[in-house]
Amino acid sequence: MILHGSKGINDPGVTLVLTNWKRPENVRLIIDQLLGQTLKPTLFLWNNLPPFLHPGVDWQVDSSVNKMCLPRWYMASFAQTEFVGVMDDDVIFTDTKVLEDAAIFLLSMPEETAIGFTGMHFDPRKDYREGLHIVASKDADQPADVIKGRFMLLRTAQLARFHLHPSPQREHLIGEDILMSGMLSQGKTGVHRVPALFAGRWQELPAPHGLFHLSDHWFHRESARRAVFLRE
């Protein structure tokens with residue numbers, strides 16, 4: 001398999017950043033599956049609940065404080081591959097060609113585009129929860145304002161455009177996928193894509209201790225939306 005990257009790189013490669021929080025069994029299953037991909041990724045892990053060990057991880061950070069999902073983007077900025085992505089610890093791919101197909105698709109998109117298998121389209125007159133939640137469908141590629149952090153893939157070079165604030169507010173911790181999507185698109189809507197190629201190629205894993213159970217989850221998701229997608 002040869003990919004021809006936008007910078008003339010053969011087999012440009014993918015780095016995926018995972019997180020671990022009270023779901024080590026899931027993370028082991030996800031890593032094992034990723035290592036069998038036809039486009040084998042470099043794997044980074046932000047570990048919010050030490051100890052955790054897996055020989056397939058190329059770089060791991062054990063954090064003494066749970067900073068949720070935002071630090072995965074700090075790690076992503078260290079990627080040396082043309083593409084970088086983040087993936088939650090409650091979803092898993094169901095076949096071994098997903099990353100290869102995703103990278104080929106991303107090469108056909110504008111540089112600021114991110115892709116994933118779930119996303120959102122916002123109504124500027126309504127709050128976050130009332131937006132349109134998008135899931136990959138075999139019928140068509142779908143534009144999205146936000147690619148959800150369950151799985152997001154983009155060009156690594158795009159991260160160099162941003163300064164990630166070292167002391168983020170809580171909406172950054174809970175809504176980092178919204179903020180990243182908005183920064184990539186500079187607040188424009190419909191820039192990102194939920195491709196049809198993802199339809200039926202991922203499944204849910206057990207998800208105890210999810211952030212959406214927190215009482216302030218939706219409030220801070222809406223705060224993140226307002227920070228990058230202003231109401232008209």
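Mentor: Let's begin with what gets named here: helices (H or I, at least four residues) and strands (E, at least two) are DSSP runs, numbered from the N terminus. Keep in mind that this is a predicted model.

Trainee: Thanks! How many helices and strands does the protein have?

Mentor: There are six helices and 12 strands. As for the rest of the overall picture, 54% of the 232 residues count as buried. The protein exposes about 10700 Å², and carbon and sulfur atoms supply 55% of that area. Among contacts between residues at least 6 apart in sequence, 78% join residues at least 24 apart.

Trainee: I'd like to start with a helix. Which residues of α1 are buried?

Mentor: First, the general idea. An α-helix has 3.6 residues a turn, so residues three or four places apart point the same way. Now the case here: α1 covers residues 24–34, and its buried residues are N26, V27, I30, I31, Q33 and L34. Looking down the axis of α1, you would find these buried residues within an arc of 160°, so they line one face of the helix.

Trainee: What do the buried residues of α1 pack against?

Mentor: They pack against the strands β1 (14–20), β2 (42–47), β4 (83–87) and β5 (91–93), and against helix α3 (98–107). As for its placement, α1 lies across β1, β2 and β4, and runs at about 165° to β1.

Trainee: Those strands make me curious about sheets. What is the order of the strands in the open sheet of five?

Mentor: The general idea comes first again. Strands of a sheet pair through backbone hydrogen bonds, either parallel or antiparallel. In this structure, the open sheet of five strands has the order β3-β2-β1-β4-β10, and its pairing is mixed. At the edges stand β3 (59–62) and β10 (151–155), each with a single partner strand, so one side of each has no neighbour in the sheet. From one strand to the next, the twist averages 15°.

Trainee: How many bridges join β1 to β2?

Mentor: Six bridges join them, and the two strands run parallel. Find T15 in the model and you will see it opposite T42 in β2. On to the next pair: β2 and β3 also have a parallel pairing, over four bridges. There, F44 stands opposite W59 in β3. Strand β2 is mostly covered, with five of its six residues buried.

Trainee: Where are the edges of the three-stranded sheet?

Mentor: That open sheet has the order β7-β6-β9, with antiparallel pairing. Its edge strands are β7 (132–135) and β9 (146–147), each pairing on one side only. Between β6 and β7 there are four bridges. M120 has H133 in β7 as its bridge partner, and H121 stands opposite L132 in β7. Two bridges connect β6 and β9, where G119 stands opposite I147 in β9.

Trainee: Let's go back to F44 and W59. Why is this pair of rings edge-to-face?

Mentor: In general, a pair of aromatic rings is described by the distance of the centres and the angle of the planes. Rings pair when their centres lie within 6.5 Å, and planes over 60 degrees apart count as edge-to-face. The count comes to eight aromatic pairs by this rule. For F44 and W59 the centres are 5.0 Å apart and the planes at 85°, so the pair is edge-to-face. This pair links distant parts of the chain, since F44 in strand β2 and W59 in strand β3 are 15 residues apart.

Trainee: Is F44 buried or exposed?

Mentor: The cut-off for buried is under 20% relative accessible area. F44 has 8% relative accessibility, so F44 counts as buried. W59, at 31%, counts as partly exposed.

Trainee: What kind of pair do F93 and F117 form?

Mentor: They form an edge-to-face pair, with 6.5 Å centre to centre and 85° between the planes. This pair also links distant parts of the chain: F93 lies in strand β5, and F117 in the loop between α3 and β6 (118–121), 24 residues apart. F93 is buried, with a relative accessible area of 3%, and F117 is buried at 0% relative accessibility.

Terms used: Residues are numbered from 1 along each chain as its sequence is written. This is a predicted model: local features need pLDDT of at least 70, side-chain atom pairs count only at pLDDT 80 or more; totals for chains, interfaces and linings use all residues. Side-chain values use heavy atoms; hydrogens and water are left out. Buried means under 20% relative accessible area, exposed over 50%, partly exposed in between (1.4 Å probe, protein chains only). The arc is that of the directions from the helix axis to the C-beta atoms. Contact means heavy atoms within 4.5 Å. Two strands pair if DSSP finds at least two bridges between them. Axes are lines fitted to C-alpha atoms, for helices over the stretch in contact, and angles run from 0 to 180 degrees between N-to-C directions. Rings of Phe, Tyr and Trp (its six-membered ring) pair if their centres lie within 6.5 Å; planes under 30 degrees apart count as stacked, over 60 as edge-to-face and the rest as tilted. Accessible areas come from the Shrake-Rupley method with a 1.4 Å probe; for residues, only the protein chains shown count as cover.
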